[in-house]
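Please have the sequence and the structure open while I talk.

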Amino acid sequence: MASEMLGRTPCPECGFPHAHVKIKTDKDGANPYRHCPDCGAQYFTRNKAQADNLRAKLNAQAPTPPAPQPEPEAPQAKARKPSRPFMFGVAND
């Protein structure tokens with residue numbers, strides 16, 4: 001079941017700004033539908049009026065979601081040198 005991305009629109013359930021609006025490409029007379037990858041909500045249009053309303057909300061030029069930025073690495077703690085020498089795993093006092 002192949003689908004073509006028509007654009008993106010905000011999800012009315014969770015507010016995710018880049019919910020997918022797609023249409024089936026392997027089915028004649030298919031209507032567009034919305035799927036939110038964030039919350040999983042789906043909306044399927046059943047008639048031409050609903051399909052037109054969804055297309056009107058569609059923002060085909062919406063940017064794709066930004067790629068996650070890697071978190072900066074925490075500074076590594078310096079290795080501590082023992083103040084006294086160890087012998088066989090026991091500190092010599």
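Threonine 9 sits in strand β1, which covers residues 3–9, and please keep in mind that what we are looking at is a predicted model. Is threonine 9 buried or exposed? Its relative accessible area is 3%, and because the cut-off for buried is under 20%, threonine 9 counts as buried. A polar atom of the threonine 9 side chain lies 3.2 Å from the backbone oxygen of lysine 57. Leaving aside residues up to four places away in sequence, threonine 9 also touches a set of residues that includes Phe16, Pro17, Val21, Arg34 and Leu58.

Strand β2 in turn pairs with strand β3, residues 33–35, in the antiparallel sense over three bridges, where lysine 22 is partnered by tyrosine 33 and histidine 20 by histidine 35.

Taken as a whole, the sheet is open, with four strands in the order β1-β2-β3-β4 and antiparallel pairing. Strands β1 and β4, the latter being residues 42–44, stand at the edges with a single partner strand each, so one side of each has no neighbour in the sheet. On average, and ignoring direction, neighbouring strands are turned by 25 degrees against each other. Helix α1, residues 48–57, packs on this sheet and touches β1, β2, β3 and β4, while its direction makes about 130 degrees with that of β4.

Methods. Residues are numbered from 1 along each chain as its sequence is written. This is a predicted model: local features need pLDDT of at least 70, side-chain atom pairs count only at pLDDT 80 or more; totals for chains, interfaces and linings use all residues. Side-chain values use heavy atoms; hydrogens and water are left out. Helices (H or I, at least four residues) and strands (E, at least two) are DSSP runs, numbered from the N terminus. Buried means under 20% relative accessible area, exposed over 50%, partly exposed in between (1.4 Å probe, protein chains only). A polar contact is a pair of N or O atoms within 3.5 Å; within protein, one must be able to donate a hydrogen and the other to accept it, and residues adjacent in sequence count only if both atoms are side-chain atoms. Contact means heavy atoms within 4.5 Å. Two strands pair if DSSP finds at least two bridges between them. Axes are lines fitted to C-alpha atoms, for helices over the stretch in contact, and angles run from 0 to 180 degrees between N-to-C directions.
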